[in-house]
Amino acid sequence: MASRVEHPAAGYRKIFETVEELEEPIPATVLGLIPSWLKGSVLRMGPGLFKVGGEPLNHLFDGQAMIHKFDLQNGGVTYHRRFIRTDAYVRAVTENRVVITEFGTAAYPDPCRNIFSRFFTYFRGIEVTDNCMVNIYPVGEDFYAVTETNFITKVDPDSLETLEKVDLCKYLSVNGVTAHPHTDPDGTVYNIGNCFGKNMSLAYNIVKIPPAQEGEGEPLEKSQVVVQLPSSERLKPSYVHSFGMTENHFVFVEQPVKINLLKFLSAWSFRGATYMDCFESNQSMGTWFHLASKDPAGYMSSHKFRTSAFNIFHHINAYEDDSFIVVDLCTWKGFDFVYNYLYLANLKQEWEEVKKAALRAPQPEVRRYVLPLDIHKEEPGKNLVSLSYTTATAVLHTDGTVWLEPEVLFSGPRLAFEFPQINYSRCSGKKYSFAYGLGLNHFIPDRIVKLDVQSRESRAWREDGCYPSEPLFVPTPGARDEDDGVLLSIVVKPGAERPAFLLLLDAVELTELARAEVDAVIPVTLHGVYRPA
Ligand SMILES: CCC[C@@H](CCO)COc1cccc([C@H](O)CCN)c1
Ligand SMILES: [Fe+2]
């Protein structure tokens, strides 16, 4: 059972404060021993500028995108970081005001314009943000920093320069795609996104970007929608943050957090509206699971899986076993939108206040759901799951729906196992044993956790006054065991002589191998990738 850790000094405030970018990489002080085979870069995205024109940005997902890079070679480490030159960033800094509406902060009307031009800007659609502060991932030979809108930004993974703003609407009929794509061993990239389309043909589109082919130009030019999934409620598609992919199937969990399209597609400026204002909870649908086959791609409409309401952001892994699909998720119980608790004003409160707010929030739980593929007319009322190693159930109802009950893999009072990572190249879409995550304590990141999804045992790394980020798993070359490798996490230790470090943990025992300390505070990072040299 995770021990109760308290943060009375509220040191976590430091990871939500603006920092300067670096002109050049800075050296890190290495304590301990970095495995000689570990050569490459940790690339991560997060907010770096939290105030514009003297006004604070309100939400965790509003800060202007900053890219961070730890370079490891020959046992030495350097750290670099730059702001991404998005339109959102450049125009905010140039005009010294929020010009592009962010997730939870509305743009300010241009005080210099006259009343008429200000009035008419109200009627133009809002300018969708390109603030790519969520993740960075490779597509072919290129790296893209992303948020969840239709704009992704090509960046140089060595110099951290901003290369090109790309509008996915040029290639795909989507309004946005998640920051969590899946990648096949051959380099094919899959993603899912909302499609509000013409005449409200509402759906969720699964898109496929083929691998880079020599002299075949942009992979994005060849991207296509491979499956369209129907929305449970016309005019109100669910928010989708990630999806599952097994060897032969896509798994889409349709959560009861909905986008009100009448609000989202109408003139925001009147109300100084933001993306957050467009969400609402569906209090009656519960949560729906959808399946689609991968090749040939096709929606499996007869598989109507239902369960009770929860928020879902991060799929951990999904795999097929016998005639079942096993789906492991980081869930938050209830239909109240968890993002309502992630305003910076909340996260930067005194510790006692932070704990009080988290009491009212949806409670986190790692859950295993099992979806039977063969639901030909079994008799209703019987549990269809016959896997020996899980207590998850699936029961066919007379209306043709299948009611799912999960097995709980990890649960603790306001202790979330989140930002999950696995040995992806070896285990994605396959039966696996280990998941690594960031432990959130009343939403404050204060632990690195390893979860054995077979034994349900967990172990943690923590240190007083330390605030880690999502742990990235790097397998030892030629490893035999799934967890033979290193976990990399950027840790902030406010008040220390060197207030941030890259932590290297042995992924078997979560023991510290080394840390590379820098003389700089590093603000919160959300997601990232390890790029081998
Ligand atoms: C009404 C919600 C619209 C969807 C896109 C439509 O497909 C989400 O849009 C944004 C806009 C700004 C920042 C973000 C962040 O990525 C969130 C946290 N990851 C998401
Ligand atoms: Fe995420």
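Guide: Ala203 is buried, with a relative accessible area of 3% (buried means under 20%, exposed over 50% and partly exposed in between, with a 1.4 Å probe and protein chains only). This is a predicted model, in which local features need pLDDT of at least 70 and side-chain atom pairs 80 or more, while totals for chains, interfaces and linings use all residues. Residues are numbered from 1 along each chain as written, chains are lettered from A and ligands numbered from 1 in written order, and side-chain values use heavy atoms, without hydrogens and water.

Ala203 belongs to strand 14, which covers residues 203–209 (helices, H or I of at least four residues, and strands, E of at least two, are DSSP runs numbered from the N terminus). Leaving aside residues up to four places away in sequence, Ala203 touches Gly193, Asn194 and Cys195, and also Gln228, Leu229 and Ser231 (contact means heavy atoms within 4.5 Å). Lys14 stands 189 residues from Ala203 along the chain, and 40 Å separate their C-alpha atoms.

Let us move on to the iron ion, ligand 2. Its protein donors are the NE2 atoms of His180, His241, His314 and His527, which lie 2.1 Å from the ion (donors are N, O and S atoms within 2.8 Å of the metal, or 3.2 Å for Na, K and Ca; water is not among the atoms, so sites may look incomplete). Along the chain, the donors of this iron ion follow the spacing H-x60-H-x72-H-x212-H. His241 sits in the loop between strand 15 (224–230) and strand 16 (244–245), and His527 in strand 37 (residues 527–532), so this pair ties together parts that are 286 residues apart in sequence. His241 is buried, at 5% relative accessible area, and His527 is buried too, at 4%.

Asp295 and Pro296 are joined by a cis peptide bond, with omega about 0 degrees, and Pro296 is in the loop between strand 20 (287–294) and strand 21 (297–299). Phe419, in strand 29 (residues 415–421), has a positive phi near 45 degrees although it is not glycine, and with 15% relative accessibility Phe419 counts as buried. Arg456, likewise not a glycine, has a positive phi of about 65 degrees, and it is partly exposed, with a relative accessible area of 22%.
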